[in-house]
Amino acid sequence: MKLFGHYLKDRLFFIMIYVVSVLICLCVFKLYNLELEAFTYAFMILCVLLVVCFLFDYYKYYKKHQTLLTLRSNSNVSLSCDLQDSSLIGEDYHEILVAMRKYHDEYVESSESKMHDLEDYFTMWVHQAKLPIAAMKLLLEDDKLSRSEIKLQLLRMDQYTDMVLAYLRLNSTHTDFLFKELELDDLIRQSIRRFSTEFIRKHIQLHFKETGDVILSDEKWLVFVLEQILSNSLKYTKENGLISIYMKSKHILVIEDTGIGISASDLNRVFEKGYTGMNGRSDKTASGLGLYLCKNILNMLNHKITIESSVGKGTRVLLDLTHFEGRIE
């Protein structure tokens, strides 16, 4: 009965039109002194026709209501023709529902993909984090505790936490970029200081020629990129090697090492997510996310990165820190 009451309320306008029409016809018959028998006969025929149309319309109303109830309780129900209306407005509503369903499916698919990526990353991150934790446990059991080794493992843990935070922020709907003019040398020194223990431990020589350059960028994100590149150089450069930092030209910074290098087959894929190449397969701590994050961060900062390398000779990373101000949003 409640549904029937809603139906009458929705059709009240048309019912009123019918009643007014009947009253107008009755008044006309009265004014012209026509026989009421003819009016009564026509009225009865119209009533029968009205009841038939009313029942048919109510049946369609009931079916639509049941379909909508099913859709509301089960999002997996397809938009069948039972919900369609042959009128233009009905077709418009159906197209809106189809578009909303398409958007919903795409959103769910995108969310599931992102969740799957996060699960993969955090699974890999946990395995990475276990390595320095296990190393520190062994060091603590040793009577001759090495403070430098402990610091090294803590540095690795610190790097892993920085990477996971960068990964989460990079995939969020907003970023915290703060663009301003920066002294490039200050950022480079800040990155070098973080790895000073590693430079000393591996007896790697650092050749840093001051750039004197001023750039427009975000300090926190750019320092993260510099640290990731330095970390890779230190990781793949053998003891007594050399790392050089200098300017190739205005706003073009070069970080060069004498490490093991990257094969030509890997060079075109080093920025792919999760790709580690031959070097990564020999290094269990490699995640394949460092350069992927660097590439995406630099794109968002409107900078560029390119890599030149030869196996056994070393690697050159070129950072184009030019910023096109017209692209700042």
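Biologist: Before we go on, what sort of model is it?

Modeller: This is a predicted model, where local features need pLDDT of at least 70, side-chain atom pairs count only at pLDDT 80 or more, and totals for chains, interfaces and linings use all residues. Residues are numbered from 1 along each chain as its sequence is written, and side-chain values use heavy atoms, with hydrogens and water left out.

Biologist: OK. How many helices and strands does the protein have?

Modeller: Eleven helices and seven strands. Those are DSSP runs, numbered from the N terminus: H or I with at least four residues for helices, E with at least two for strands.

Biologist: And what share of the residues is buried?

Modeller: Buried residues make up 33% of the 329 in the protein. Buried means under 20% relative accessible area, exposed means over 50%, and partly exposed is in between, with a 1.4 Å probe and protein chains only.

Biologist: Back to Leu 230. Which residues have the most contacts inside the largest nonpolar core?

Modeller: Leu 230 is among them, along with Phe 199, Leu 253, Leu 293, Ile 297 and Leu 319, in a core of 51 residues. A nonpolar core here is a set of buried Ala, Val, Leu, Ile, Met, Phe, Trp, Tyr and Cys residues joined through side-chain atoms within 4.5 Å.

Biologist: Ser 191 was on that contact list too. Is Ser 191 buried or exposed?

Modeller: Buried, with a relative accessible area of 1%. Ser 191 sits in helix H6, residues 184-194. Not counting residues up to four places away in sequence, Ser 191 touches Val 223, Leu 226, Glu 227 and Leu 230. Ser 191 and Phe 224 are 33 residues apart in sequence, yet 8.2 Å apart in space, C-alpha to C-alpha.

Biologist: What about Glu 198, buried or exposed?

Modeller: Glu 198 counts as buried, at 8% relative accessibility. Its place is in helix H7, residues 196-201, and, with residues up to four places away in sequence not counted, Glu 198 touches Leu 152 and Leu 234.

Biologist: Let's switch to the sheet. What's the strand order?

Modeller: S2-S4-S5-S7-S6, an open sheet of five strands with mixed pairing. Two strands pair if DSSP finds at least two bridges between them. The edge strands, S2 (205-208) and S6 (304-310), each pair on one side only. The twist averages 15 degrees from one strand to the next.

Biologist: Which helix lies across S5?

Modeller: H8, residues 219-236, lies across S4 (242-249), S5, S6 and S7, and runs at about 20 degrees to S5. For that angle, axes are lines fitted to C-alpha atoms, for helices over the stretch in contact, and angles run from 0 to 180 degrees between N-to-C directions.

Biologist: How does S5 pair with S7?

Modeller: In the antiparallel sense, over six bridges, with S5 covering residues 252-257 and S7 residues 314-320. Arg 316 in S7 is the bridge partner of Glu 256, and Asp 320 in S7 is that of Ile 252.

Biologist: And S6 with S7?

Modeller: Also antiparallel, over seven bridges. Arg 316 in S7 is the bridge partner of Glu 308, while Val 317 in S7 partners Ile 307. The hairpin of S6 and S7 has three residues between the strands, and Gly 312 there takes a positive phi near 85 degrees.

Biologist: Which S6 residues are on the covered face?

Modeller: Ile 305, Ile 307 and Ser 309, while Lys 304, Thr 306, Glu 308 and Ser 310 make up the uncovered one. In a regular strand the side chains alternate between the two faces of the sheet.

Biologist: Why call S7 largely enclosed?

Modeller: Because five of the seven residues of S7 are buried.

Conventions
Contact means heavy atoms within 4.5 Å.
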